[in-house]
Amino acid sequence: MTTNVYTPEELKKVDPVFGQISFDHHEQVVFCHDKDTGLKAIIGIHNTVLGPALGGTRMWNYTSEWEALNDVLRLSRGMTYKSAISGLDLGGGKAVIIGDSKKDKNPEMIKAFAKYVDSLSGRYITAEDVGTTTADMDLIHTITKNVTGISESLGGSGNPSPVTAYGVFMGLKAATKFKYGSDDLTGKKVLVQGIGNVGETLVKHLTNAGALVTITDLSKERVEEVAKKYNSTIFTGDDLYSLDVDIYAPCALGATVNNDSIGKLKAQVIAGAANNQLAEEAVHGKMLQDKGIVYAPDFLINAGGIINVFGEIAKYGSDEAIRRTENIYNTTLDILNYAKEQNITPNQAAMKMAEQRIEKKKQENK
């Protein structure tokens, strides 16, 4: 017989799911493994009060399974609030596949994952995210109907990235109006961090609106390509967050708004596409408020993508998706004004409004 001695940090991992700091009354967490294809995935279903849990599948080379679990818990929770605040009859879910999408992904792996999605009988509907593509969704569609964001040729809405970027642009303009009294972006200095499909389209909108755009990304080739295309400035300094800009648009991974970055930020507005931008919502939302920095809640302004793919379920077209996405501007202003009136953070205000809608529906269902 052997005795295991745990450190305090290890002790937390004895309850690996319910003990996770990001576990927030999730309804279901599914661990998916297929030895033949190398699939290791986690599906998180946070809440289905308003409808089936819809959220993309992210493929990322996580440093540990704990990191992957934490990410899917946070992301699925964020999807609940995103759908609720956007007025969609959807719950919150998300999936992550552990691995390098450029090296490890293969068609058989995607099909194996699709079988797990199908086994949930519509409780979870997937879509594309970081590391997955419209082509992957088309492949999933051959296995299950519980997928959105498929090609237009197959009756889907296609790549949601352009609509996501448009929603972020609307939210950014609203936050700019709230801070500066006008949403005119002419001459405004904007830092866009992360130049994927959404980031590039946001750069396009900002440039067309007269903003002075600085860009940064882990891919040097990508930065150079986009800079040349839109005449953007490439960030070359050592301290990204100390850059003298008016607006910071995080469009890569989350948690870039934290103790370290907030202390350095010169930007007066934060509005970007990344999920879970605040490392700790309560702590860092308050720190931004105290510094007078206007934060446009990420789960609100990056909702264009889910508004777009929801059209496949609700049977509305691209024109209606754009109309609904444009309304992110008004909702952002409403939330920022409500937060000011109530002396709470914009994140708290948005979550409160989303929770009220969920609670109302819960009472109706009783």
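User: Before we look at anything, what does "buried" mean here?

Analyst: Buried means under 20% relative accessible area, exposed means over 50%, and partly exposed is in between, using a 1.4 Å probe and protein chains only. One note before we start: this is a predicted model, where local features need pLDDT of at least 70, side-chain atom pairs count only at pLDDT 80 or more, and totals for chains, interfaces and linings use all residues. Residues are numbered from 1 along each chain as its sequence is written, and side-chain values use heavy atoms, with hydrogens and water left out.

User: And how do I know what counts as a helix or a strand?

Analyst: Both are DSSP runs numbered from the N terminus: helices are H or I with at least four residues, strands are E with at least two. Take strand 8, residues 212–216: four of its five residues are buried, so the rest of the structure largely encloses this strand.

User: How do strands pair in a sheet?

Analyst: Strands of a sheet pair through backbone hydrogen bonds, either parallel or antiparallel. The cut-off is that DSSP finds at least two bridges between the two strands. Here, an open sheet of six strands has the order 9-8-7-10-11-12, with parallel pairing. Strands 9 and 12 are the edges, each pairing on one side only.

User: Which strands does strand 8 pair with, and over how many bridges?

Analyst: Strand 7 (residues 189–193) pairs with strand 8 in the parallel sense over five bridges. Leu191 has Thr214 of strand 8 as its bridge partner. Right-handed means that, with the strands pointing away from the viewer, the path from the first strand over the helix to the second runs clockwise. Strand 8 also runs parallel to strand 9 (residues 233–234), joined by two bridges. Thr214 has Thr233 as its bridge partner in strand 9. The chain gets from strand 8 to strand 9 through helix 7 (residues 220–230), and this β-α-β crossover is right-handed.

User: What about strand 10? Which strand does it pair with?

Analyst: Strand 10 (residues 247–250) pairs with strand 11 in the parallel sense over two bridges. Ile247 stands opposite Val269 of strand 11.

User: Now a helix. Which residues of helix 9 are buried?

Analyst: In helix 9 (residues 281–291), the buried ones are His284, Gly285 and Leu288. Seen down the helix axis, they fall within an arc of 105°, so they line one face of helix 9. That arc is taken from the directions from the helix axis to the C-beta atoms. Turned away from the buried side are the exposed residues Ala282 and Asp290. Contact means heavy atoms within 4.5 Å, and the buried residues of helix 9 pack against helix 8 (259–264), strand 11 (269–270) and strand 12 (294–295). After helix 9 comes Gly292, with a positive phi near 80°.

User: How exposed is Gln28, and what does it touch?

Analyst: Gln28 lies in strand 1 (residues 28–34). Gln28 is partly exposed, with a relative accessible area of 27%. Not counting residues up to four places away in sequence, Gln28 touches Ile43, Gly44, Ile45, Leu120 and Arg123. The C-alpha atoms of Gln28 and Ile43 are separated by 8.2 Å, though these residues are 15 apart along the chain.
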